[in-house]
Amino acid sequence: MTFKEKVNGLITEALLEKPSIFLIDLAVSDSFKISVGLDGDNGVALQDCIDISRAIENNLDREEQDFSLEVASVGVGSPLKMTRQYIKNIGRTLIVTTNTEKIEAELVEANDVFIILSWKAREPKKVGKGKETVQKEQQIPYTDIKEAIVTVTF
């Protein structure tokens, strides 16, 4: 078993006790720096990071392999990577980049295959001059999404 597999097993075990928290990123560098990124259905508390950190650190032997450890929640501007993150953010505004376009819109639905975005746009009237506001909606499969970031509004 590799060092990374051992760490991944410890994280998986620790997350069983915290079903609302899930792993987003796990990286182990050549110098054995462990970086763990977490997210949660209701956010990630500092105590959650501490608990996961302890579960890893207490079960690895520094005599066998010296390492450094960093456990954190994913940042506000971090791209969404898992379906569970999209579902958690229904009702929020996303900036979604695909191969052909960039859309800033409200996430109204997310499932295992695609997301649905909704936004208002100004388009030329069908009859007469001027523009009118229309409600647009677009279904985007996850396979077409290059990057999706939740926007923060104040």
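Guide: Gladly! Let us begin with contact, which means heavy atoms within 4.5 Å. Among the contacts in the protein with a separation of 6 or more, 48% are between residues 24 or more positions apart. Please keep in mind that this is a predicted model, where local features need pLDDT of at least 70, side-chain atom pairs count only at pLDDT 80 or more, and totals for chains, interfaces and linings use all residues. Residues are numbered from 1 along each chain as its sequence is written, and side-chain values use heavy atoms, with hydrogens and water left out.

Visitor: How do you know how many helices and strands the protein has?

Guide: Helices (H or I, at least four residues) and strands (E, at least two) are DSSP runs, numbered from the N terminus. Counted that way, the protein has three helices and eight strands, in the order α-β-β-α-β-α-β-β-β-β-β along the sequence.

Visitor: Why is the protein called more spread out than a compact globule?

Guide: The radius of gyration is taken over C-alpha atoms, and the globule rule is 2.2 Å times the number of residues to the power 0.38. For 154 residues the rule gives 15 Å, and the protein has 20 Å, well over that value, so it is more spread out than a compact globule. Along its principal axes, the C-alpha trace spans about 80 × 30 × 30 Å.

Visitor: What makes T151 buried?

Guide: Buried means under 20% relative accessible area, exposed over 50%, and partly exposed in between (1.4 Å probe, protein chains only). T151 has 17%, so T151 counts as buried. T151 lies in the segment after β8 (145-150) and touches T93, L94, I95 and E104, leaving aside residues up to four places away in sequence. Across the protein, buried residues make up 33% of the 154 residues.

Visitor: Which strands are paired with β4?

Guide: Two strands pair if DSSP finds at least two bridges between them. Five bridges join β4 (residues 93-98) to β5 (residues 102-110), and the two run antiparallel. Another five join β4 to β8, also antiparallel. T93 stands opposite E106 in β5, while I95 has I149 in β8 as its bridge partner. With three residues between them, β4 and β5 form a hairpin.

Visitor: Is D48 buried or exposed, and how do you know?

Guide: The relative accessibility of D48 is 13%, under the cut-off, so D48 is buried. This residue lies in helix α2 (residues 46-57). D48 touches K18 and I21, not counting residues up to four places away in sequence. T133 is 85 residues from D48 along the chain, and their C-alpha atoms are separated by 45 Å.
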